[in-house]
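Open the model in your viewer and keep the sequence panel beside it. The tour below goes from one selection to the next.

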Amino acid sequence: MKLYKYHSLDTWYDESKKVVTSGIDYCVDIINNYRLYFPKREQLNDPYEGNAISIDLGVCGNGNFSAMGCLHPIVEEEMNRYRILSFSGTCKSMPMWAHYAGNYNGVCFVFDIDRSFGNVQKVEYIETPLEGVSERDVPDFRKIVKKNFFYKSKNWNYEKEYRIVNKSSNEFWEFEPKYLTGIIVGFKALEQDEVKERIVDLARKKGIPLYKVFLTPRRYELSVIPIDKKIDWGLDVIENVAKDDMF
């Protein structure tokens with residue numbers, strides 16, 4: 001099974017112009033140390049994260065929190081014990097390249113996984129929140145808390161998301177080198193010398209296959225071809241690209 005992890009290479013600065021986050025440094029860390037950042041719920045970008053199934057705890061004050069559309073502190077505390085690692089099931093999503101890979105200035109990591117990689121589950125996209133449950137009917141509400149992380153609004157279905165959800169104090173998810181089987185570089189990123197020197201050259205040294213994302217002429221489609229492949233811009237360019245598409 002192939003899964004994909006998009007990453008921006010943008011650099012973020014604080015008010016004093018000090019670097020807060022360097023996307024290139026982070027991607028270099030992935031390649032060198034075989035690990036992915038393992039965020040907490042509150043660090044994710046969906047404001048409804050974990051709210052698909054409301055939980056009635058049957059404790060004092062629960063109704064007040066429900067009326068305000070807020071999580072009960074006991075439920076929120078349990079949710080915040082989890083970390084969520086997200087992947088996509090596609091490397092050819094134009095919105096994903098735009099939103100998560102810096103508008104084609106970023107990269108997309110390719111993972112070939114098996115069961116030993118981790119308990120990966122597919123996210124289900126729903127029109128509206130599901131029916132709530134009562135702690136009286138579901139004694140172990142913690143199971144519902146975790147289950148909540150695998151439902152999202154259909155507004156997010158373009159992500160084709162898969163997740164690993166674990167209670168963990170570890171800031172990173174470590175993986176064996178064999179699972180990282182490629183890096184797809186955005187066509188705008190290839191114009192940057194720092195990307196070539198720090199990511200492309202490093203991947204070559206590590207023996208990680210490299211690809212580039214390519215805009216297919218006259219079609220709203222993306223193709224992924226070997227990074228060193230030269231494009232024949234003749235009349236059969238579409239057929240040539242399709243023939244060399246790797247994914």
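A residue counts as buried when its relative accessible area is under 20%. With that cut-off, select Cys-91: its relative accessibility is 3%, so Cys-91 is buried. Keep in mind throughout that this is a predicted model.

**The whole chain**

Show the chain as a cartoon. It contains seven helices and 16 strands. Of its 247 residues, 45% are buried. Now consider contacts between residues at least 6 apart in sequence: 74% of them join residues at least 24 apart.

**The cysteines**

A disulfide needs the two sulfur atoms within 2.5 Å. The structure as a whole has zero disulfides. Next select Cys-27, which has 0% relative accessibility and therefore counts as buried.

**Helix H1**

Step past the end of the helix to Tyr-34, which follows H1 and has a positive phi, near 50°.

**The largest pocket**

Select Lys-5, Tyr-6, His-7, Asn-45 and Tyr-100. These are the lining residues nearest the centre of the largest pocket, which has 28 lining residues in total. Which element gives the largest share of the lining? Colour E6 to see it: this strand provides five residues. By type, the lining has twelve nonpolar, nine polar and seven charged residues. The space in the pocket comes to about 840 Å³.

**Helix H5**

Finally, select residues 141-148, which form helix H5. Its buried residues are Phe-141, Ile-144, Val-145 and Asn-148. Turn the view to look down the axis of H5: the buried residues fall within an arc of 105°, so they line one face of the helix. In general, an α-helix has 3.6 residues a turn, so residues three or four places apart point the same way.

What covers the buried residues of H5? Show strand E5 (53-56), helix H3 (73-79), strand E10 (130-134) and strand E11 (151-153), which are among the covering elements.

Notes
Residues numbered from 1 in each chain as written. Predicted model: local features only at pLDDT ≥ 70, side-chain atom pairs only at ≥ 80, totals over all residues. Heavy atoms only, no water. 1 Å grid on protein atoms, 1.4 Å probe; cavity = no way out; pocket = protein on both sides within 12 Å on 5 of 7 lines; lining within 4 Å. Points joined across faces, edges and corners; volume = space filled by probe spheres on them. Helix = DSSP H or I, 4+ residues; strand = E, 2+ residues; numbered from the N terminus. Nonpolar A, V, L, I, M, F, W, Y, C, P; charged D, E, K, R; others polar. Buried < 20%, exposed > 50% of the residue type's maximum accessible area, 1.4 Å probe, protein only. Arc of directions from axis to C-beta. Contact = heavy atoms within 4.5 Å.
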